Amino acid sequence: MTEVAPSPLRRLPSVDRVLRQPNVAALVEKHGRAETTQAVRDTLAALREDVRPGAEIDDETIVASVLAHLDARAEPRLKPVFNLTGTVLHTNLGRAVLAEEAIKAATAAMRDAVSLEFDLASGRRGERDDHVRALVCELTGAEDATLVNNNAAAVLLVLNTLAQGREAIVSRGELIEIGGAFRMPEIMARAGVLLREVGTTNRTHPRDYADAMSLETGLILKVHTSNYRIEGFTTEVGARELAKLARQRNVPFVNDLGSGTLVDLSRFGLRKEPTVREAVEEGADLITFSGDKLLGGPQAGFIVGRKDLIATINRNPMKRALRVDKMRLAACEATLRLYRDPDRLAQRLPTMGFLARNVEDVRQQALRLAPVLAEILGGSAVVEAAPCASQIGSGALPLDTIPSFGLLMRTKDGGRAVEALSAAFRKLPWPVIGRVADGALVFDLRCLEDEGIFRRNLSFLRIEVTS
Ligand SMILES: *Cc1c(COP(=O)(O)O)cnc(C)c1O
């Protein structure tokens with residue numbers, strides 16, 4: 001038998017002993033007994049794995065590890081970030097930043113009981129759509145409106161309600177896929193609708209639709225080609241013409257606008273996107289659009305149009321599964337209200353504010369921040385204020401860019417060093433998300449509102465030097 005070295009396990013204190021340490025009481029106070037006890041167990045278990053035989057570990061080190069462990073667990077996973085990607089409506093970063101009015105309304109709805117499905121005048125049951133119906137109709141000219149979880153849900157619900165077991169006629173040029181898993185043909189299949197593709201990728205004519213019509217036709221669908229454009233030798237059939245054809249054959253015509261803005265974007269110096277009001281005037285029976293794209297509100301899907309069709313949709317049991325909650329409804333109502341005063345939209349609605357922001361203003365900000373950043377980065381990167389191009393994102397005006405200004409950071413050895421730099425910015429207490437282009441890290445400043453917080457945040461930057 002050989003002598004066995006004393007087990008390092010013995011040198012670790014018991015869970016109880018750690019919990020009795022004087023400064024652990026404060027941790028229990030802050031995080032609770034169960035959470036703290038578990039953190040002590042996890043810390044001791046980790047040390048048991050790590051510790052070298054014979055090593056002494058003092059109580060202070062253990063308590064410090066417990067504290068770090070608890071802090072890490074208490075850190076929220078969903079964090080506010082600086083969106084300096086140059087994409088104003090970035091789907092992965094939560095799309096629209098809400099207006100202060102919408103935030104207040106949502107907060108109030110969270111805190112208290114609300115008249116969600118309660119008619120205060122009669123004291124009877126009300127409908128949740130009642131809170132936005134009149135506003136949406138006023139702003140779009142539609143007869144009626146309903147609200148669901150998002151635009152994907154709006155399309156699904158419309159298709160299922162009007163064409164289950166029958167055909168939906170769509171142009172081949174409009175069978176879109178939107179980031180992630182929104183593919184028009186797949187949504188149709190899940191809605192129980194048979195896809196009847198007409199025309200070719202680049203050209204679809206009125207007779208293609210007319211020839212495809214039969215007793216099996218449930219509806220005609222037009223889809224805004226949000227994230228691409230087919231150029232060159234192309235023809236598409238306009239909404240007005242499709243509406244006419246649909247009316248002759250007595251089938252509904254549905255127009256999925258995607259972003260669907262409520263105002264003419266040319267007032268903010270952008271190219272015009274079709275507005276919802278125009279789509280209504282063109283004669284669509286139903287129109288669908290998102291709440292968190294150009295509209296600048298919370299995630300939601302609007303369905304507007306004919307009263308009888310909206311009533312049928314509201315009777316579909318699926319509607320219940322796709323409805324919006326009180327917080328988003330409150331935020332939607334407050335956001336829509338802002339559209340009654342289009343002149344002040346750019347001041348009150350962050351999405352419009354970002355899009356309308358003067359490039360000279362962005363340039364001045366870049367010139368102010370470039371030296372600040374250069375000093376913090378020291379020798380690890382060269383910083384330059386440089387012109388760049390923003391885009392709207394989320395499928396609005398996909399090929400258009402907006403002149404902007406940003407901070408461009410180049411590292412000596414490119415590639416990995418740029419990645420490391422970009423990772424360091426993502427590790428900040430308030431992560432900064434830029435984009436890497438041509439081997440440089442670019443922060444497009446169009447969406448940077450709070451310069452003070454941005455500067456203070458930067459002081460936490462730690463760059464790991466890679467060799
Ligand atoms: C974005 C988009 C959708 C999906 O809308 P969500 O609000 O993201 O669910 C559907 N159709 C079109 C044309 C779109 O642009």
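Tutor: Start with a pair of strands. This is a predicted model, and in it strand 3 (residues 167-171) and strand 6 run parallel, joined by five bridges.

Student: Which residue stands opposite Val198 in strand 6?

Tutor: Ser171 has that place, facing Val198.

Student: What is the order of the strands in the open sheet?

Tutor: The sheet has seven strands, and their order is 2-10-9-8-7-3-6. Their pairing is mixed. At the edges are strand 2 (144-148) and strand 6 (194-198); each has a single partner strand, so one side of each has no neighbour in the sheet. From one strand to the next, the twist averages 25°.

Student: Which strands does helix 12 lie across?

Tutor: Helix 12 (residues 307-315) lies across strand 2, strand 9 (286-290) and strand 10 (301-305). To read its direction, take the angle to a strand: helix 12 runs at about 30° to strand 2.

Student: Now the inside. How many cavities of 30 Å³ or more are there?

Tutor: A cavity is a space where a 1.4 Å probe fits but cannot get out. The count here is one of 30 Å³ or more. The largest cavity holds about 30 Å³ of space.

Student: Which residues line the largest cavity?

Tutor: The lining is made of Val155, Val158, Leu159, Leu221, Val254, Asp256 and Thr288. Sorted by class, five are nonpolar, one is polar and one is charged.

Student: Which element gives the most to that lining?

Tutor: Helix 7 does, with three residues. Helix 7 (151-163) and strand 8 (253-258) each supply at least two residues of the lining.

Student: What is Arg229 in contact with, leaving aside its neighbours within four places in sequence?

Tutor: Arg229 is in contact with Arg271, Leu399 and Asp400. Arg229 and Pro398 are 169 residues apart in sequence, while their C-alpha atoms are 7.6 Å apart in space.

How values were computed: Residues numbered from 1 in each chain as written. Predicted model: local features only at pLDDT ≥ 70, side-chain atom pairs only at ≥ 80, totals over all residues. Heavy atoms only, no water. 1 Å grid on protein atoms, 1.4 Å probe; cavity = no way out; pocket = protein on both sides within 12 Å on 5 of 7 lines; lining within 4 Å. Points joined across faces, edges and corners; volume = space filled by probe spheres on them. Helix = DSSP H or I, 4+ residues; strand = E, 2+ residues; numbered from the N terminus. Nonpolar A, V, L, I, M, F, W, Y, C, P; charged D, E, K, R; others polar. Contact = heavy atoms within 4.5 Å. Pairing = 2+ DSSP bridges. Axes fitted to C-alpha atoms, helices over the stretch in contact; angles between N-to-C directions.
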